[in-house]
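Let's take a friendly tour of a ligand and the protein around it. Here is the structure to look at as you read.

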Amino acid sequence: MDFELTDLQRETQRLVREFAARELIPHARKLDEEHSFPHEVVKKLAELSLLGVAVPEEWGGAGLDNVAYALAIEELSRGDASVGVIASVNNSLYCDPILKFGNEVQKREWLVPFARGEKLGCFGLTEPEAGSDAAAQKTTAVRKGDGYLINGSKNWITNGPVADAIMLFTMTDRAAGHRGISAFVVPTSTPGFNRAHPDRKMGISAALSCSIFFEDMVVPAKNLLGKEGDGFKIAMSTLDGGRIGIAAQAIGIARAAFEEALRYAQDRKTFGQPIANHQAIQFMLADMATEIDAARLLTLKAALLKDQGVRHSPESAMAKLYASEMASRVANKGLQIHGGQGYSKEFDAERHVRDARITEIYEGTSEIQRIVISSSLLKE
Ligand code: CAA
């Protein structure tokens, strides 16, 4: 077993860490307060090839591996959790399924500009009555001549308010259940594609999401990804990759909480000495550092398996489950170490608590991850 990163992975980590320190950390609080999408930052992510990290260069990406990808998302999220998920959705949930299931023409049209970061993608699986039960889709796509007529709605679509295309899951055969779901790539400029106002959320406020309504939207048959009925498996295998991105995001948030608490504990004095001299604080810091490292090991293991082309559903679920719950624990301890200051908007500790919380919910709740893990245990 080799725990050493390659030169390229280490270089990616260094480059993104420096970028986050320079371009993200100084602005994260303001963007959070204003709920404003970081358009300028996204342009810079594109310049650094961070919107198609594991996409081969021939398809517009950086041509790196998924370990480098996870490290990059961790560093972005250490700077700003909203930026972490904006990048993760484009990389994992939009580009990855086209790379894996798209034909040459689809890759040229729908992957290259998005992996280059000239355009931004989103992922439309969740519906008002189909969140955890992803097979209970109600949006329909009915074959009409050379295309499909799509009606229905999606909600909580991260990047939805600004995206140029959506990876959209619809029912093409209701009677077939999950085997009747099909995936389409749809430009958001298509007539009948309507977005609601951005959602008001507890955290990751600069990563905008919204509901989307499809009203008699006609999509050419060439936009079908894979075959009719492949959609559920495309969605599930895409989420196996996406959950690595969210685990990495959670680690980045936890690192921010930890690093700030570590610094604060050495500055702040009580009873005549820095609080870092009190064992109660030392034990909290020790637990935080240990949990962050454990989460990173799980996450890089899942990324490595993805790079090896091995199915990694339970490993991704374990990484996402542990990293997300860890991030909430660590962010809460970070706030506690800051005492009253931690509850104040003058510090970032409270933002990390709010940002961490979503990682336990999206791309499959902790309960869904436990289902994925236990069903793989019971199959063995
Ligand atoms: N890869 C490939 N195929 C898979 C798969 C995977 N990871 N997981 C399941 N499948 C296949 C199964 O083999 C099975 O195939 P057959 O039809 O050949 O038998 C089929 O899919 C159905 O599998 P299950 O019976 O296990 O499916 P299920 O209906 O019981 O659901 C579930 C399983 C794990 C609960 C799933 O519904 C799930 O993951 N739900 C959560 C959905 C989710 O994560 N939503 C997040 C939305 S995206 C988001 O949050 C984005 C954002 O904004 C950031």
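## Where the ligand sits

In this predicted model, the ligand takes up the space of the largest pocket. A pocket here is an open set of points on a 1 Å grid over the protein atoms alone, with protein on both sides within 12 Å along at least five of seven lines; a molecule sits in one if more than half of its atoms lie within 2 Å of its grid points.

Residues are numbered from 1 along each chain as its sequence is written. Local features need pLDDT of at least 70, side-chain atom pairs count only at pLDDT 80 or more, totals for chains, interfaces and linings use all residues, and side-chain values use heavy atoms, with hydrogens and water left out.

Polar contacts are pairs of N or O atoms within 3.5 Å. A polar backbone atom of S132 lies 2.8 Å from a ligand nitrogen atom. Oxygen atoms of the ligand are 2.8 Å from a polar side-chain atom of K233 and 2.9 Å from a polar backbone atom of E363.

## Who builds the shell

Technical notes:
Polar contact = N/O pair within 3.5 Å; in protein donor to acceptor, adjacent residues only side chain to side chain. 1 Å grid on protein atoms, 1.4 Å probe; cavity = no way out; pocket = protein on both sides within 12 Å on 5 of 7 lines; lining within 4 Å.
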